[in-house]
Amino acid sequence: NVHEITTLKDFSKRHNLMIESARAKVVKFIEDSTVLTDKENLIERIKNVPIYQYKSSEHEKLNIDGAPAIHVGSAIYCNYKYREFFCEHMFVHELIHHLRYLTMGEKLSNLTYYATKFDEGVTDVIAVSMNPRSLDSINYANGYEELHPLIHEYFNVFGEEALRAYFYGYDA
């Protein structure tokens, strides 16, 4: 019912190019992964996940101030009012959220760390590992960058198991 209470808008050609480039980076990540399983399905789903730009919405999850994009269920929504901050990095970050949604059986509500700073930090470190282009604007700041040293230490201690836990659950 998100679309019934949301005004959608087309992406610019430039933003569409960013989205396709971000999809390609995440597909390569899946192909190269030693942790992810069912790769063909994951690749197909990443290639086809809907990514929308919205101008206004009455949906509570799409009205989070300061969030240029959000993963909601089986789609990604990008807030038009933050369009100058859209970049390949943002799209990769949201696609990693979607990839995790898929590896968790399309259910994230039972995860202990879901939607926490830790969760966002891990998502962002994974996204940054793909070397996506970001903005060089002084008006743009990656809100999760301050978490990167802590998350890198977490990966240094737990290695591949940290990645497996992120995608398949910490109790697995």
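**Salt bridges and helices: a short tour**

Hi everyone, let's begin in helix α6 (residues 160-168), where Arg 164 and Glu 161 sit 3 residues apart, so about one helical turn separates them. Helices here are DSSP runs of H or I with at least four residues, numbered from the N terminus. This is a predicted model, where local features need pLDDT of at least 70, side-chain atom pairs count only at pLDDT 80 or more, and totals for chains, interfaces and linings use all residues. Residues are numbered from 1 along each chain as its sequence is written, and side-chain values use heavy atoms, leaving out hydrogens and water.

**Salt bridges and helices: a short tour**

Hi everyone, let's begin in helix α6 (residues 160-168), where Arg 164 and Glu 161 are 3 residues apart, so about one helical turn separates them. Helices here are DSSP runs of H or I with at least four residues, numbered from the N terminus. This is a predicted model, where local features need pLDDT of at least 70, side-chain atom pairs count only at pLDDT 80 or more, and totals for chains, interfaces and linings use all residues. Residues are numbered from 1 along each chain as its sequence is written, and side-chain values use heavy atoms, leaving out hydrogens and water.

Back to our pair. The side chains of Arg 164 and Glu 161 meet in a salt bridge at 3.2 Å, N to O. That term means a side-chain nitrogen of Lys or Arg within 4 Å of a carboxyl oxygen of Asp or Glu. Glu 160 joins Glu 161 and Arg 164 in a network of salt bridges.

How many salt bridges does this rule count? The count is 7.

Now to another one: Asp 119 and Arg 100 meet at 2.1 Å, N to O. Asp 119 lies in helix α4 (residues 117-128) and Arg 100 in helix α3, so the pair ties together parts that are 19 residues apart in sequence. Both Asp 119 and Arg 100 are buried, where buried means under 20% relative accessible area, exposed over 50%, and partly exposed in between (1.4 Å probe, protein chains only).

Finally, α3 itself: 16 of its 16 residues are buried, so the helix is largely enclosed by the rest of the structure. Just after α3, Gly 105 takes a positive phi of about 70°.

Note on methods:
Helices (H or I, at least four residues) and strands (E, at least two) are DSSP runs, numbered from the N terminus.
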